[in-house]
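Please look over the structure below before reading on, and keep it in view while you follow the paragraphs after it.

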Amino acid sequence: MNGPSTPSRGGANGDLKPPKGPERPLVPYMRFSRKMWPTVRADNPEAQLWEMSKVIGQLWRECPEKEKSVFQAEYEAEKVEYDKAMKSFQQSPAYQSYIQQNKARQQQQQQAQQAQQQADRAAAQQQHHMQQAPPMPMPGMTSGHMKPIEKLHAHQMSRSRNMDMSGVVIHAVDEDDQSSEMNIRRAHYARYQRNQNMMAELFGPQSAQDMRTIVAQARVDMLRKQGQSLSGHQDKLNDELRQMDETFAAKMRDIEEKRKAFQQQLEKVEAEKPVLDDAKKQELIAKWEVKLVEEYEAYKKKEEEMAAAAAKKEEEAKNSLLASMLKSEEDDKKENEENRATPEVVKAAEVLNGKDEEMDTTTVETPASQNVEVN
């Protein structure tokens, strides 16, 4: 893993960037996703990023626990190394310097905010004091109706505001002099013009700022970061749209080329289409009639050959059967002849049979003499 780097200030507003620390190990799912990404991209070349993520998520859910345990073991082994590297990184001089600079920057921001709050409070108090100031003489009110300090304040305000914002000089009017009706009208008009100028000056943008237009620096920084993030996201979406447009244009070009090739082939087929008239028709009919007759004759010849072969085979089977039967008869005759007795043998057999009968009778009559003869 890379060692810590020196903290730097990045961005237009001078934000303090922390030094680069050790990289976190990938969790088991991200390891599985990195392994399966090329396969899923090859199987789904036209799929969007979110579609591929959905497919990989489904594969992860269907993955057996034995295979998941391999990714988990890799993650835990790298996590141990990451913890050791993180401890050494947090004790490095670059990281400690970043912590100190960050604390100092936060203190400066707090001090600036406190100063701004104090200035706002002072402006609010000043505005409150101005609202609580003694009133100016109202129409019909003479100097005799006012207290001495109020009369002095009204005289000073009248002298300081004797010129309006448009540059028209408003002359002081003696309010005690009521001898002329024209003087009274002039006094009323002067007071009205003075009050309008005072209201425009007090409530104008130069004096009282609209609180709705005040935005804190922290919010400005946050909005700036959000704008940068949205700009990056917009650029990414624009890149995806551009890629989609390029893919669509390539597909349209391919479709257009295939359409032109098909149109050319169709025109070629139309041009080469045979023209069939009556003469050609009769010629084709005669040709196929001859061909059919030849095929029929060949079929009949083949059938006759097959019938002749079958008859020959049957004749051979009959001859073979007759030969076997004749041979069997001859064998039987021969066996009978061998077993047949000659006249001499028959005569000897008869003699032997006669002797046996005499011996039987003699034995019955004189058993003792039979025994002697036998011995």
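The paragraphs that follow go through some helices and the aromatic rings on them.

This is a predicted model, in which local features need pLDDT of at least 70 and side-chain atom pairs count only at pLDDT 80 or more, while totals for chains, interfaces and linings use all residues. Residues are numbered from 1 along each chain as its sequence is written, and side-chain values use heavy atoms, with hydrogens and water left out.

Let us begin with two helices, where helices are DSSP runs of H or I with at least four residues, numbered from the N terminus. The axes of H1 and H2, which are lines fitted to C-alpha atoms over the stretch in contact, with angles from 0 to 180 degrees between N-to-C directions, come within 10 Å and cross at roughly 120°. Among the residues of H1 that meet H2, with contact meaning heavy atoms within 4.5 Å, are Tyr-29, Phe-32 and Trp-37, and the residues of H2 that they face include Leu-49, Met-52 and Trp-60.

The structure also holds six aromatic pairs, and rings of Phe, Tyr and Trp (its six-membered ring) pair if their centres lie within 6.5 Å, with planes under 30 degrees apart counted as stacked, over 60 as edge-to-face and the rest as tilted. One of these pairs is formed by Tyr-29 and Trp-60, which are edge-to-face at 5.8 Å centre to centre with 80° between the planes. Because Tyr-29 lies in H1 (residues 28–43) and Trp-60 in H2 (residues 49–62), this pair ties together parts that are 31 residues apart in sequence.

Trp-60 counts as buried, at 18% relative accessibility, where buried means under 20% relative accessible area, exposed over 50% and partly exposed in between (1.4 Å probe, protein chains only). The ring centres of Trp-60 and Phe-71 are 6.5 Å apart and their planes stand at 65°, so this pair too is edge-to-face. Since Trp-60 lies in H2 and Phe-71 in H3, the pair ties together parts that are 11 residues apart in sequence. Ring pairs link Tyr-29, Phe-32, Trp-60 and Phe-71 into a cluster.

Finally, consider helix H3 (residues 65–90), whose 26 residues should span 38 Å at 1.5 Å a residue, and whose end C-alpha atoms are 36 Å apart, which agrees; the expected span is 1.5 Å times one less than the number of residues. Lys-68, Phe-71 and Tyr-75 are among the buried residues of H3. Arg-31, which has its place in helix H1, is buried with a relative accessible area of 12%, and the residues that Arg-31 touches, not counting those up to four places away in sequence, include Phe-71 and Tyr-75.
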